Amino acid sequence: MARIPINIKTGEIEKQENLIVGIDLGTTNSLVAYSKDGETIVVEDKSGSQKLVPSVLYFDEHNNIVVGQEALEKQLIHPERTIYSVKRLMGKAYKDVGTYENQLGYKIIDTDEEQLVKVEINGSYYSPITLSAEILKALKNRVEEQLGQQVYQAVITVPAYFNDSQRQATRDAGKLAGLNVLRIVNEPTAASLAYGIGQDPEQESTIAVYDLGGGTFDLSILSIQNGIFEVLSTQGDTFLGGDDLDKAIIDYWIEQYALTIDNTIDQQTIRLEAEKAKKALSSSDIYKSTFKEKDLELTQIKFEELINPIIEKTLVHCTNALKDAELTKTDIDEIVMVGGSTRTPHVKSRVSEFFGKKVNDSMNPDEVVAMGAAIQANILAGNEKDILLIDVTPLSLGIETVGGLMDTIIPRNSKVPTRAGRQYTTSVDGQKNLKVAVYQGERDLVDDNRKLGEFILKDIPPMAAGIPKIEVRFILDADGILKVEAEELRSKVMTKVEIRSQYGISEEEMALMLISSIKNAEQDLHKRSLLEARNEGNNIVHSVARFINQNLSWLSEEEQTETKRLSANLQDKIKGDNKDNIQKAIEELNAYTAPLAEKAMDIHVSNALKGTTI
Ligand code: ADP
Ligand code: MG
């Protein structure tokens, strides 16, 4: 399958060799790298001193955004406007985030349990996708400035455990940043590539990738055959990392020197001091400092003792990952160390002791993922002639959902053959038929994409809206033939069709579709979030109306009037085209009705109890 380099600015097909950058979009730090003349270069900041870009955003009072080190420094003064750990929110609904919200200094919005989360800053609402796009834009600018040339294609890495919706969110962020995301690569795969593992098609091996970053740990076991990487198992803890090492030091100091931590400034100061100590102890035996006029000290030996329980936890995950992959330690050919926290010598030695083998640690652990992404990018650019590329589907495939939105089921550049599915439900009570319209393309609204066909799932037994479980499955074979099946899972009613997705479209047309999706990304996102806010608002208006009807017996006159007033306000805002106003109206309505809903629950429970005999 041919690849066509296109110039996003001019819309022209590019003749010259194209540059594709590799991006490690990390929870704590992000980096960008590229390959040139057989060398892989990680891009530095202007001063040439720093390759890591802290994955932190700061919004000033006029909503101007600063990304990186400068933003990190604002965390102390304006925590509510300094956004970090966005990666943890990617592709997540509010119900997935749970109590984690309490640990963040900024505000997450919970208008609807099922919807993707949003972050509120200065009264505006941002999706994690938009926020990640800002980080990607900063990386894009950095490399463009250094090279003096436009960059519009990238490979971005994600953890092996990321699900489809998290991967899709990462793609969308890339698109929004003006980048054509040619491939999403697993971080452990990228790290192995950086170590040159898997580049020889003859080589077969089994690799363990140990990644201890700032706030996350994962251990992935990969099998490499004929240049193809397969993740055999992945285990880890999304709340275990360098931050915990810092915390161990803080706890020790507080106890040892009877320190008092009075406010957030103290908290941050001691945290920074602990991180400094940790880093220093990666290369010296003792660290000395002061805090509030007290002398602090930490020896390497004591530090190692403090962090042993944390390392122990990671080793339990190693054992579990081996078990999942049905392998033993001796089956592992190489151990690759990734993540800034593996710079701590004690981590390295305990891991190597565990596997009974020396670990791969000759490269910078915080740069290997970005370097691997750049190597993968170079392979995709066709600059590595010896490496085989697997066939991928050139444009995303999906269906139309409420409001004319494109819901992608198979993202572009997915390896073929492939299959994927997603569940939907009805929006009207007693709905008997459901139209499934299949589209191809990268735009957010189906009207801007290419329609491949449509069919109707008939004879769904009458059920209330939201009850039917309709699964739509896409099965794409190696020749680009797409089978689409829709099945109502409760009644087993099913229909299917077959579509030739590549039929009647030239490579040039595909390239043009891609260009338009990137050119219009911002506008599309705006339309999409407005439509989503409207859908969400309409759902809430309906459920609130139903709620009032069902609870007329005990709701006070005032409660009814106020609920109706807020609901009317929401309906009014839905008619407008400002998504923030809609969100605000939803929030107000939710805030008012939440205690009423709780009361209704209590009443139902106590009524139910009255009926029980013991
Ligand atoms: P992520 O992949 O989660 O974005 P990184 O791989 O950049 O994170 O790792 C960041 C972590 O690495 C931080 O906790 C930082 O304190 C730690 N770290 C950086 N340098 C060192 C060092 N020399 N010794 C120990 N830990 C380090
Ligand atoms: Mg990382």
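**Helix packing and strand pairing**

Analyst: Starting with helices: H3 (residues 128-147) and H4 (residues 164-176) have axes that come within 8 Å and cross at roughly 55 degrees. Keep in mind that this is a predicted model.

User: What does that angle make H3 and H4 to each other?
Analyst: Oblique, given a crossing of roughly 55 degrees. The crossing of H3 over H4 is right-handed.

User: Which residues make the contact?
Analyst: On H3 they are Ile129, Thr130, Ser132, Ala133, Leu136 and Lys137. H4 brings Ala169, Asp172, Ala173, Gly174 and Leu176. Sorted by class, the contact of H3 with H4 has six nonpolar, three polar and two charged residues.

User: OK, on to H6. At what angle do the axes of H6 and H8 cross?
Analyst: At roughly 125 degrees, with the axes of H6 (residues 242-257) and H8 (residues 300-324) coming within 9 Å. H6 and H8 are therefore oblique to each other. H6 passes H8 with a right-handed crossing.

User: And which residues make that contact?
Analyst: From H6 you have Asp244, Leu245, Ala248, Ile249 and Tyr252. From H8 it's Lys302, Phe303, Leu306, Ile307 and Ile310. That contact of H6 with H8 divides into eight nonpolar, no polar and two charged residues.

User: How does H6 pack with H7?
Analyst: H6 and H7 (residues 264-280) pack at about 110 degrees, and their axes are 9 Å apart. So H6 is roughly perpendicular to H7.

User: Which residues are in the contact of H6 with H7?
Analyst: H6 uses Gly242, Leu245, Asp246, Ile249, Ile250 and Trp253. H7 answers with Ile270, Arg271, Glu273, Ala274, Glu275, Ala277 and Lys278. By class, the contact of H6 with H7 has seven nonpolar, one polar and five charged residues. Leu245 and Ile249 of H6 also turn up in the contact with H8.

User: Nice. Switching to strands: how do S16 and S17 pair?
Analyst: Antiparallel, over six bridges, with S16 covering residues 286-291 and S17 covering 294-299. Within that pair, Lys288 is opposite Glu297 in S17.

User: How many residues are between S16 and S17?
Analyst: Two, and the strands form a hairpin. Lys292 in the turn has a positive phi of about 45 degrees.

User: What about S19 and S20?
Analyst: S19 (residues 397-401) and S20 (residues 405-410) run antiparallel and are joined by five bridges. Thr401 is opposite Leu405 in S20. They form a hairpin too, with three residues between the strands, and Gly403 in the turn has a positive phi of about 85 degrees.

User: Which strand pairs with S19 over three bridges?
Analyst: That's S22 (residues 434-440), and the pairing is antiparallel. Ile399 stands opposite Val438 in S22.

User: Now the sheets. What's the strand order in the open sheet with S8?
Analyst: S8-S9-S10, three strands with antiparallel pairing. S8 (107-109) and S10 (124-126) are at the edges with a single partner strand each, so one side of each has no neighbour in the sheet. The twist averages 40 degrees from one strand to the next.

User: How many bridges join S9 to S10?
Analyst: Three, between S10 and S9 (residues 118-121), running antiparallel. One of the partner pairs is Ile121 with Ser124 in S10.

User: And what's the order in the open sheet with S5?
Analyst: S6-S5-S7, again three strands with antiparallel pairing. S6 (65-67) and S7 (82-83) are the edge strands, each pairing on one side only. Two bridges join S5 (residues 57-59) to S7, and Tyr58 has Thr82 as its bridge partner there.

Notes. Residues numbered from 1 in each chain as written. Chains lettered and ligands numbered in written order. Predicted model: local features only at pLDDT ≥ 70, side-chain atom pairs only at ≥ 80, totals over all residues. Heavy atoms only, no water. Axes fitted to C-alpha atoms, helices over the stretch in contact; angles between N-to-C directions. Helix = DSSP H or I, 4+ residues; strand = E, 2+ residues; numbered from the N terminus. Parallel < 35°, antiparallel > 145°, perpendicular 65-115°, else oblique. Left-handed = near helix turned anticlockwise from the far one by under 90°. Contact = heavy atoms within 4.5 Å. Nonpolar A, V, L, I, M, F, W, Y, C, P; charged D, E, K, R; others polar. Pairing = 2+ DSSP bridges.
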